[in-house]
Amino acid sequence: MFEGYTASEIGAIFAMQGFAGLSLFCVFLLMALGLAIIFGQMQVINMAHGEFLTIGAYSTYLMSVVAEKHAPWLMDYYFFLAIALGFVVAFAIGWLVEFSLIRFLYKRPLDTLLATWGLSLIMQQGFRSMFGAREVSPTLPEWLLGSWQLSDTIEIPINGLLVVGVTAVLTLAVFFLLFRSRWGLKVRATTQNRVMAEAAGINTARVDRNTFALGCGIAGVAGAVFTTIASTGPTSGSLYIVDTFLVVVFGGAASLFGTIASAFSIAQAQSILEFFINGSMAKVITLAIVIGILMLRPEGLFASRVRK
Amino acid sequence: MITLTRRLVGSRSDLAALLVLAAVLLVVMPLTLDIFRLNLVGKYLTYAFVAVGLVLCWGYGGILSLGQGIFFGLGGYCMAMFLKLEASDPVTTAIQSTPGIPDFMDWNQLTELPWFWVPFESFAFTLFAILAVPTLFAFLIGVAMFKRRVTGVYFAIITQSVAAILTILIIGQQGLTGGVNGITDLRTLLGWDIRSDGAKYLLYFLNAALLLACIVAGRYILSGKVGKLLLALKDKEDRVRFSGYDVSNFKIFVFCVAALFSAIGGAMFTLQVGFMSPSFVGIVPSIEMVIFAAVGGRVSLIGAVYGTLLVNYGKTAFSESFPELWLFLMGALFIGVVMAFPDGLAGLIRSERLRRVFGRPPLAAVTRTGALAARDPAPPAASASADAALPHAPTGTDR
Amino acid sequence: MTASSNTDFLLAIENLSVSFDGFKAVNDVTAYVDYNELRVVIGPNGAGKTTLLDLICGKTAASDGSIRFKNREITRLPEHRIVREGIGRKFQTPSIYENLSVYENLEVSYPAARGVFGALFFHVDETIDARIREIAESIFLGDCLDLEAGLLSHGQKQWLEIGMLLIQDPELLMLDEPVAGMSVKEREQTAELLKRICRDRAVIVIEHDMEFVERIANRVTVLHQGQVLAEGPMSEIKSNEKVIEVYLGH
């Protein structure tokens, strides 16, 4: 499939597709982080996770509309506010969902799968009723739209850089929150031994609720990031849900490093393949390879060995 | 002989339920509905094959597959390929640049029938393929997953991904599969016009009879040792394994049976509706079929049929007049069934009947539905099987 | 893997080790169990007793060493094959099928029709029925064959699980704390049951209750931090200073 390209062209293709893959990687990673935290913590699969991305994306859109109409001076910076707004809105709705639905289903993960699917249908229809079926895009500030000429053939878009930056910051924040903070200690204690954690005075119900909400909040940020690479419709988030599940499972649900590595490899494989064969086949091949590998290592790539 | 009959039809009340269902499907529906409506019911009933299969593999086996559309679709596509080839004879397709191949291939500049289409010129091979292709595919997935002890949520996600892959593949390979429109414009089966009213009546009865046969077959499987082993597996998988059973084989078996039933449903769908498309293969139809089984009661073969009919009736009724409302309702149905009625219609009827007879359901009868025994002082919090069990015992267990 | 020679023992465990992420739960254990022997394994919590049983029955894969049963290497066999070789395992918490009746629990455990198609056409004939009733009688559950197993008392559940193993007639039976949570009377009945059981088979028992151990044991193996600390008749073990220090002393 490399015929007709010179070596330097192939290098440029790889670099640029690689960078396009990086944006996809960021969305995957942010989605997967939230999903993995929730799954690792309470063995709950949240089928409505994609809708939290959509919430973040619509929040960003609303923010841009408001800024454009009422506060043009904010246009250059609103995007950062939108990221925060996406997080807060998704976090709050996630908190409510845990409180009213998820907490009753902790011992029945398969049933949670069905219930959250129902939730996702309701949310999608809700978006459709509120924002219409047509896709919308926020007006991005000027500075975000430019690109950075790295060499004659390689050109890196600024919005991509921003996306990577936000993702890196958020991933680090999650890492510190989970592995360096008091709250993270409680989360990990609950994950490992719920009964013991309760006996040690940890309010595990509250830990669960906040963890779930946090996972949703991160998906909200993913939604804000998402608006810079595609337009938003009622079903935007649900398009990512299958890939994100595979990212989580492939990485070995309990491992943060595994999630990053697996998001990276799946996004890059898909994006680079996409240049040479058509998009749908690239996706088919990537997913098929992932499933193939999972059959060899069902516990994921980075799971450790314990007594069961 | 007596034992065989007992295993096929079950107890007296089971037999009564089966006869009622047979009467509803074979007598009441055909007598009260016009052919358009009856054909619609026939279409719903093809989904019921999938739901009945799910009762076996999910309700009893504890294996939730979110990819049953794969098998429904494969069965349907096998049938559709045969019918399409019959509809694409050189005379009818004379205006094409390559006469004698299906129209969508001609539109996609194919000049020759692809190799995997060729055997579908034979009806005998088609019948064989309808049953064998989906079952074999299920067998491969089952071996790959269950031998590696992939179960629960992981299995659900992976089957869902396979459904997604298959849909993308079918849509992407337009020239080979008809793409997003599917295989349409199917007219005759061995020269017999399947679009005539007479054919629709006949196909409806064939469909209903096959469905009843699947239920009886399912009951045979469940009433014997395999059924007990499946219940045992759902409860204490390790105990079964350490009683000398290769657990994965039983899971593969029940998954294959579910796939086989779905495939029959798929083939009957193609015959009755006259086309097959990727929209019956993917994630959404697959998970909707799970909810059909859940509404009927996930451990009731007969309930699955009523559940399917009820949900689809609701869908048709609502989506005609309030399309927006329907999605909200569907979502609420998913949540409501799981939260409030994990035993579905069958559970409601069962507890109602018991309440009338005994004043309250006796404990043994309640636990028999698969609920955890409420008297167990400390249900293990981290029980490996906590997943598939149904901890929501109906009322009357708390004494 | 260490090559091992043939022995006259029923079960020969040689240089067996397993580690979880570097932690050696069982470390270079060598032990032999004779035909018709009743062996008790004792040791403080975390000594690796349950892991040892897990290794023998294939639940956990060994990192190193060998397990031979009647001179047949079983270290790498899948669980169900090990069971079919003649090794039965009872778990620490009673592991029975709560939704099935006592009769069905025993029926499902009966060692016939273990393949899918065999099971599909299996039916209980008179011989099997008689066998199920006989076993039920011997585990003191002859009167409650039709009861849902989930409704049994804790002690009865333990017996039922033992019965589910007995019906398979294993040559080696492994019991993980069979009297935990039982009343005094139930303990006595269980001790009597165990003595009867081991007349024609070998039994390995993990137990903490020293009084109970004294009543039943031929030989005792003491595990400590994944290693064998001592092995011998109960009288010897009781006076072994190392054992007193790490286990019996407190």
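1. Helix α1 (residues 49-57) of chain C lies across β3, β6, β7 (172-176), β8 and β9 (219-224) of chain C. The helix runs at about 150 degrees to β7(C). Contact means C-beta atoms, placed from the backbone, within 7 Å. Axes are lines fitted to C-alpha atoms, for helices over the stretch in contact; angles run from 0 to 180 degrees between N-to-C directions. Helices (H or I, at least four residues) and strands (E, at least two) are DSSP runs, numbered from the N terminus.

2. Conventions. Residues are numbered from 1 along each chain as its sequence is written, with chains lettered from A and ligands numbered from 1 in the order in which they are written. The model is predicted: local features need pLDDT of at least 70, side-chain atom pairs count only at pLDDT 80 or more, and totals for chains, interfaces and linings use all residues.

3. The sheet in chain C is open and mixed, with six strands in the order β6-β7-β8-β3-β9-β10. Pairing requires at least two DSSP bridges between two strands. β6 (87-90) and β10 (227-233) of chain C each have a single partner strand, so one side of each lacks a neighbour in the sheet. The twist averages 15 degrees from one strand to the next.

4. Within that sheet, β3 (residues 38-42) and β8 (residues 202-206) of chain C pair in the parallel sense over four bridges. C:Val41 has C:Ile206 of β8(C) as its bridge partner.

5. Chain C overall has 10 helices and 10 strands. Its C-alpha trace spans about 50 × 40 × 35 Å along the principal axes.

6. Chains A and B meet: 42 residues of chain B are in contact with 35 residues of chain A. On the chain B side, α7 (152-172), α13 (283-296) and α15 (323-340) each supply at least two residues. The largest share, 15 residues, comes from α7(B). By class, this side has 33 nonpolar, five polar and four charged residues. Here Ala, Val, Leu, Ile, Met, Phe, Trp, Tyr, Cys and Pro count as nonpolar, Asp, Glu, Lys and Arg as charged, and the others, Gly among them, as polar.

7. In chain A, α2 (residues 49-70) and α4 (residues 109-131) pack at about 20 degrees, axes 9 Å apart. That makes α2(A) roughly parallel to α4(A) (angles under 35 degrees). Contact residues include A:Tyr58 of α2(A) and A:Phe127 of α4(A).

Terms used. Two residues are in contact if their C-beta atoms, placed from the backbone, lie within 7 Å. Angles under 35 degrees count as roughly parallel, over 145 as roughly antiparallel, 65 to 115 as roughly perpendicular and the rest as oblique.
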